[in-house]
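Okay, thanks for coming, everyone. I'd like to walk you through the covalent and charged links in this one, so let me put it up on the screen.

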Amino acid sequence: MSRATILLSLVSLVTVVVTGYQVKPANYAKLLEQQEKFDAAFEKEFYVEHTQYVETGVMSERLEEMFEHIRQQPDMFRKEMDDHPLPYLTVECTACRALITTYLTYRRVLGWSTAQIADQATSTCSTLGILTPNNCRLLVLKNIDILLYIIDNRPSLSAQTICGIIFQSGTCVLQDPAFLDWTINVSGGGRPITGSVTSPNRAAGDLKIIHITDVHYDPHYRTGYNAVCGEPCCCREGQGIPADPANGAGEWGDYRDCDSPWKAVEDAVRAAARQHPDAAYIYYTGDIIDHGVWETTVAGNIVSMTRTYQLFRDVFGTKPVYPVLGNHENNPTNVFAPSYIDREDFSASWLYDFSANQWATWLPAATQQTIRQGGYYTALVRPGFRIIGMNNNDAYTFNWWILYDPAYLQAQLQWLHDTLLQAEAAGEKVHILAHIPIGAGTSYRTWAHQYRRILDRFFDVIVAHFHGHTHADEFNVFYSLSNPQAAISVGFNGGGTVPFSNYNPNYVVYHVNPQTYQVTDFESWYFSLSEANQNPNRAPIWMELYSFSRDFQLANVSPASLDGLVRRFASNPTDLRRYWELKVKRGDPFLAAGCDGDCLLGHLCQIVTNEANDNSKCNALAAIFRNLDDELFREGEEEDDYKK
C-alpha cells in the first residue's frame, strides 16, 4: 500500500466516524490527532506537487488524486456552513490548509503578482468544481485585491489561522491569541441568573409583529429559463431555455437554486399586510440581493434595494419597518471592511450611506450617525420598548476583514453593551435584530463568546432576538455562560420568502406582550411552491403553516418553555420530526429526501449551539437521543453494512 493510499485510508476512517452536526464521538480527540497528522503531511505534499505542476504544466497522477480527495461535493456551495456534514467539513479543512499554504508561499516567497495568483486561483476553483470556470474567474477577480491587501499587510497571518476563522471546526483550530483573546468591557451589576426565563402566555391584547426576511430579489429571473444550470444561482436570463421544459423556472420561483422574481417578492409583502392588518410593526432581517455573487455591482444592488424598500413603504404605509442589512447587500458579498479603511473599492460606506437615507422613512434622526458609521442603530419604539438593529455581518466567518483586524469588531459590541446599559437604567426592554443567527457556526467564535457575556449581563433587558440568513423557519435557545442550565433568551428566525434552495416561501407573525415585550407565541404563513407553479395564472394561496404553542402544546414560547420542548425533542423523535418538517416549511424536495436519525439529531443540536465548538448542550441531548430504542439509527447502520 502506497503512502498516499495509507493517508487517504486514514482520512476516510476519520470522516466515516465523525458524523452529525456538532455531534462528536467519544474518541474525537484521538481522531483529531490522527487527522492533524494527515493534514500536515497532505499540506506539504500538495505544495510540492502543485509547484511541479505550475512549473511543467503537467499534472501528476498524485496531484490528480489529491485534487479528487478535496473536490467540492455536490450541493455544498448552496448550503450554509452549519449544514455541511462533519465528514465534508473535515475534507474542507484539509483543502483549506493545503491551498492557503500553497498560495501564501507563492505570494510571500515567490513574489507572484496579482494576475498570477488570480489565474491560478481560477484554475484551482474550476478543478475543484466549486463553480463553473467563468464563475470562478469573476468571483476571484471580485475578491483578489482585498485578500492580497490583507495578506500583504499581515505577514504573520498563517494558513492555520485563516482556515481556523473560516471553518471553526475539525483540524481548522483557531490558535492565534490575537484572534482569541480580545474582549469588551462588561459592566458589573445586573440580576443574578438563578434559572430559566419565563414569560406570560398569549393574550388577546398582545401586539403583533410581522417578520419578513431574505426576499433575495433576482432582477434576472425569467420564467421558463434553465433551473438546472450548473451555476450557484439559476433561472436567470443568459442561462438559456432548457430542452426539457421540466427544467424550466417556475412562475412564482423554483426550488432548484433560484431566487425570487419580483412578482413573488411583491406577493409575499402584500400577503403579509393583507392577512395581518392589525400588525403594529414590521421587522426585515436582511438579504434583498440575489445569489449571483459573481456578477453583483454597487449600482445593481442599489436598484434592487431601492425597489424593495419602496415596496415596503407602499404596502405598509405609516407602519414602522425596522430593517437590518444582510450579508448579500454589500459588494463583494459578505465583505464588510473596518470603518477606517477608506479605499473606495474596499469601503462599505456607500452601503451605509444608502441605508441611512432609505431607512430615514422609518427610523428617528438620531440613528443616522451609527448607520453611516457601521450599518447599525437603536430606536425607541414606544416608552419602555427599544429595538437594536445590528450589523453582525462583520462577524460572519466569510468576512475577510476579520483576518486583517479581528479587534475592529469590538466597537459595535461595546456600543451594544453601552446601549443596553442605558436601556436598563431607563427600564426598557429590548428586541435585537440581526441577519446572521447569533452564535451560529458561521459567527466568529470570539465575537459569539463576547456576545454571550453581554447577554448574561443583560438577560432581563434583552427579551428576544430575530434573525434571518438560513432560510429555515427555526429557533435557537440561548443558555447562560455562568449558569449553563438556565435558558435565558430565544432567537426566532423568520425563514425567508425566497425558495433558495428547496424551501417554500414564508413569513412569521409574533404575538408580543405589551408590558414585558416578550414573545408569547408565533405563527408561520407559507404557500406551496409546487401548487403555485401548477397554477401560474393566479396568485399563490398563503396558509398557516403552524401556530407554535398550539402545534407543540405549549403554554408559551419563553426560554424555559422552549428548553423543555428541546428536551422533549431529544426523547421523542416524532415531535422532533414534526419540528424538522416545519423548519423546512414542508418543501417538497426536503420531504422527498427525508431526514434520518443523524439528520434529526443535527437539527436538534442546531437549536442549542450558542458558540462554535461549544458542544456541551448538543452532547447531552445526543446521549438521550441515541439511547432511544427506535429504527432511526438501525436503518442507517443497515445501510452502512450494505455499503461495506
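This is a predicted model: local features need pLDDT of at least 70, side-chain atom pairs count only at pLDDT 80 or more; totals for chains, interfaces and linings use all residues.

A search of the whole structure turns up seven disulfides, and I'll talk about some of them.

Let's begin with Cys235 and Cys258, which are joined with an S to S distance of 2.0 Å. Both cysteines sit in the loop between β1 and α9, 23 residues apart.

Now, what about Cys233? Well, Cys233 is in no disulfide, and the nearest cysteine sulfur, the one on Cys258, is 6.3 Å away. Cys233 is buried too, at 0% relative accessible area.

Next up, Cys605 and Cys618, another disulfide, with the sulfur atoms 2.1 Å apart. Here Cys605 is in helix α21 and Cys618 is in helix α22, so the link ties together parts 13 residues apart in sequence. This one is right-handed, with 75° about the S-S bond, and both of its cysteines are buried.

Then there's Cys595 with Cys599, S to S 1.9 Å. That link is left-handed, at -100° about the S-S bond. Cys595 is buried, with 4% relative accessible area, whereas Cys599 comes out partly exposed at 25%.

Okay, on to charges. Side chains of opposite charge can pair when their charged atoms come close. In this model there are 32 salt bridges.

Take Asp152 and Arg107, whose closest N and O atoms are 2.6 Å apart. Asp152 belongs to helix α6 and Arg107 to helix α4, so the pair ties together parts 45 residues apart in sequence. Asp152 is partly exposed at 41%, while Arg107 is buried at 17%.

So where does Glu428 find its partner Arg386? Arg386 is in strand β5, and Glu428 is in the loop between α14 and β6, 42 residues apart in sequence. Their closest N and O atoms are 2.7 Å apart. Glu428 counts as buried at 9%, and Arg386 counts as buried at 16%.

Back in the loop between β1 and α9, Arg222 and Glu237 are 15 residues apart, and they form a salt bridge at 3.3 Å between the closest N and O atoms. Arg222 is partly exposed at 30%, and Glu237 is partly exposed at 39%.

Last one: Asp218, Arg236, Asp290 and Glu295 are linked in a salt-bridge network. Okay, over to you.

Definitions and conventions
Residues are numbered from 1 along each chain as its sequence is written. Side-chain values use heavy atoms; hydrogens and water are left out. A disulfide is a pair of cysteine sulfur atoms within 2.5 Å. Helices (H or I, at least four residues) and strands (E, at least two) are DSSP runs, numbered from the N terminus. Buried means under 20% relative accessible area, exposed over 50%, partly exposed in between (1.4 Å probe, protein chains only). A salt bridge is a side-chain nitrogen of Lys or Arg within 4 Å of a carboxyl oxygen of Asp or Glu.
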